[in-house]
Amino acid sequence: MDRTCFLILLAGFLFTASLTMTGCATAPTTDTARTSLRNEARATVSAARRSDPSLSSVLNRSRGYAVFPTVGKGAIGVGGAYGRGVLFQSGSPVGYCDLSQASIGFQIGGQSYSEIIVFETRAAVETFKQGNFHFDAQATAVALTAGAGANARFADGVMVFTFGEAGLMYEASIGGQKFSYSPR
């Protein structure tokens, strides 16, 4: 391995480690930033409902849902992802959440996307709020297209939708998403 390749891999590792070990502040620090994030989350839900009208019944029946308007993801061998979101219950924002992900394997590139995590049970929402919630490497998400909400099924009380992918990323990796939560 030449020196340049080693330095790129080291930088990717350090970036990923900084996301997962030091964590990121969950709640925005200013009223303006909190309002902006809530508005972005609501706009994301509106766009998702327009893309797939069947999603409305899924969200209305849920015990809560976390909306991450923008998740940024990048990798060169070692990768990381981060997104800031809002947790809704009964259609109202109740707190803020962070998504972080570390991965290793054959992967290169970068992308951004939106993610909505739907909770079927109150217990799943409470687990999320306690900061004990994570997805393992085998967890999958449904790409939100027309009719996806009608055909998607809960797995362990959770359903995940992603949409609006932008960028280019090739990935065959292992890794999982972890979440933190802060009440409003």
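Reply: Two terms come up at once. Two strands pair if DSSP finds at least two bridges between them. Helices (H or I, at least four residues) and strands (E, at least two) are DSSP runs, numbered from the N terminus. Note that this is a predicted model: local features need pLDDT of at least 70, side-chain atom pairs count only at pLDDT 80 or more, and totals for chains, interfaces and linings use all residues. Residues are numbered from 1 along each chain as its sequence is written, and side-chain values use heavy atoms, with hydrogens and water left out.

Me: OK. How many helices and strands does the protein have?
Reply: There are 5 helices and 4 strands. In sequence order the pattern reads α-α-α-β-β-α-β-α-β.

Me: And how many bridges join strand 1 to strand 2?
Reply: Strand 1 (residues 64-89) and strand 2 (residues 92-119) run antiparallel, joined by 23 bridges.

Me: How much of the protein is buried?
Reply: Buried residues are 41% of the 184. Buried means under 20% relative accessible area, exposed over 50%, partly exposed in between (1.4 Å probe, protein chains only).

Me: Which residues touch the most other members in the largest nonpolar core?
Reply: Ala66, Phe68, Ile117, Phe119, Phe128, Val158 and Phe179, out of 19 residues in that core. Strand 1, strand 2, helix 4 (122-129) and strand 4 (158-183) each give two or more residues to this core. A nonpolar core here is a set of buried Ala, Val, Leu, Ile, Met, Phe, Trp, Tyr and Cys residues joined through side-chain atoms within 4.5 Å. A second, separate core has 18 residues, including Leu37, Tyr65, Tyr96 and Phe163.

Me: Zoom in on Phe128. What is Phe128 in contact with?
Reply: Contact means heavy atoms within 4.5 Å. Leaving aside neighbours within four places in sequence, Phe128 contacts Ala66, Leu87, Cys97, Phe119, Phe133, Phe179 and Tyr181.

Me: Which residues of helix 4 are buried?
Reply: Ala124, Val125 and Phe128. They sit on the same side of helix 4, because they cover an arc of only 100° around the axis. That arc is taken from the directions from the helix axis to the C-beta atoms. Just after helix 4, Gly131 has a positive phi of about 80°.

Me: Switching to charges. How many salt bridges are there?
Reply: The count is 3. The rule is a side-chain nitrogen of Lys or Arg within 4 Å of a carboxyl oxygen of Asp or Glu.

Me: Where does the Asp98 one sit?
Reply: Asp98 pairs with Arg84 at 3.8 Å, N to O. Asp98 is in strand 2 and Arg84 in strand 1, so the pair ties together parts 14 residues apart in sequence.

Me: Is Asp98 buried or exposed?
Reply: Asp98 counts as buried, because its relative accessibility is 4%. Arg84 is partly exposed at 27%.

Me: And the other two?
Reply: Asp31 and Arg34 meet at 2.3 Å, N to O. Both lie in helix 2 (residues 31-51), 3 residues apart, about one turn of the helix. Asp31 is exposed at 56% relative accessibility. Then there is Lys129 with Glu126, closest N and O atoms 3.8 Å apart. Those two are 3 residues apart in helix 4, so about one helical turn separates them. Lys129 is partly exposed at 25%, and so is Glu126 at 31%.

Me: Where is Ser62 found?
Reply: In the loop between helix 3 (55-61) and strand 1. Ser62 is buried, at 13% relative accessible area. A polar atom of its side chain lies 2.8 Å from the backbone oxygen of Leu59. Not counting residues up to four places away in sequence, Ser62 touches Val118 and Phe119.

Me: Last one. Where does Pro183 lie?
Reply: In strand 4. Pro183 is exposed, at 55% relative accessibility. Beyond its neighbours within four places in sequence, Pro183 contacts Val94 and Gly95. Pro183 and Leu87 are 96 residues apart in sequence and 8.8 Å apart in space, C-alpha to C-alpha.

Definitions and conventions
A polar contact is a pair of N or O atoms within 3.5 Å; within protein, one must be able to donate a hydrogen and the other to accept it, and residues adjacent in sequence count only if both atoms are side-chain atoms.
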